[in-house]
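Me: Hey, I'm new to this one. Can you walk me through it once it's up?

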Amino acid sequence: MVLSDHSIKQQIDAGRIVVDPIDPDDIQPASIDLHLDYRFLVFSNSRKPYVDVRQPLDDLTTPVEIAADTPFMLHPGEFVLGSTLEHIALPNDLVARLEGKSSLGRIGLLIHSTAGFVDPGWSGRLTLELSNVSRLPIALYHRMKIGQISFLQLSTPADRLYGSPELGSKYQGQRGPTPSRSHRDFDQP
């Protein structure tokens with residue numbers, strides 16, 4: 001069951017869903033609009049001939065920060081990591097879905113490739129996988145509406161929450177765009 005605006009407000013008021021900061025005007029009929037942070041990770045040409053998912057990948061990106069009114073230009077075919085301005089936290093019986101805004105999708109901006117699912121227990125800012133599939137550069141601005149998050153009720157509370165030590169959750173508590181930590185999957189026995 002997807003939560004309505006009424007249920008979302010109740011969950012926020014009870015402290016069960018955290019979206020910080022939040023403007024009440026960003027609460028839509030069944031979602032909350034999220035905004036773009038000012039930090040990005042831009043993929044740079046590497047001396048490596050390929051991406052090895054078994055190795056740490058921190059050196060594949062360069063951090064870039066934009067000023068308040070300065071656009072970040074996302075070029076055609078470019079892929080960068082961004083972040084939501086909002087810190088999100090979920091209780092043990094809700095999951096969330098991150099989706100793009102239709103008005104941005106209509107100009108060729110995709111905000112996630114595969115990372116649209118938010119587990120129960122999640123806490124942090126969401127990393128955005130930004131892609132421009134159009135033929136023109138797209139100007140992105142700090143604080144612009146970038147996506148929306150909806151919330152779904154689980155059949156029962158989860159036994160093991162995202163961030164539990166036994167799960168080895170890789171991104172709990174992230175505060176900005178975070179590069180892939182896929183190499184940690186290979187460190188597990």
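Predicted model: local features only at pLDDT ≥ 70, side-chain atom pairs only at ≥ 80, totals over all residues.

Me: Which residue of E4 stands opposite Phe 40?

Reply: That's Val 64.

Me: And how many bridges join E3 to E6?

Reply: Two, and that pair is antiparallel as well. Leu 41 stands opposite Leu 81 of E6 there.

Me: Switching to Thr 84. Where is it found?

Reply: Thr 84 is in strand E6, which covers residues 79-89.

Me: Buried or exposed?

Reply: Buried, because its relative accessible area is 0%, and the cut-off for buried is under 20%.

Me: What does the side chain of Thr 84 have a polar atom 2.8 Å from?

Reply: The backbone oxygen of Glu 86.

Me: Which residues does Thr 84 touch, leaving out those up to four places away in sequence?

Reply: Leu 34, His 35, Asp 37, Arg 125, Leu 126 and Leu 128.

Me: New topic: how many residues are in the largest nonpolar core?

Reply: It has 34, and Leu 130, Leu 140, Ile 146 and Phe 151 have the most contacts inside it. Several strands each supply at least two residues of this core, among them E3, E6 and strand E12 (145-153).

Me: What does Phe 151 touch, again skipping residues up to four places away?

Reply: Its contacts include Met 1, Val 2, Leu 3, Ile 32 and Leu 90. Val 95 and Ala 96 are among them too.

Technical notes. Residues numbered from 1 in each chain as written. Heavy atoms only, no water. Helix = DSSP H or I, 4+ residues; strand = E, 2+ residues; numbered from the N terminus. Buried < 20%, exposed > 50% of the residue type's maximum accessible area, 1.4 Å probe, protein only. Polar contact = N/O pair within 3.5 Å; in protein donor to acceptor, adjacent residues only side chain to side chain. Contact = heavy atoms within 4.5 Å. Pairing = 2+ DSSP bridges. Core = buried A, V, L, I, M, F, W, Y, C linked by side-chain atoms within 4.5 Å.
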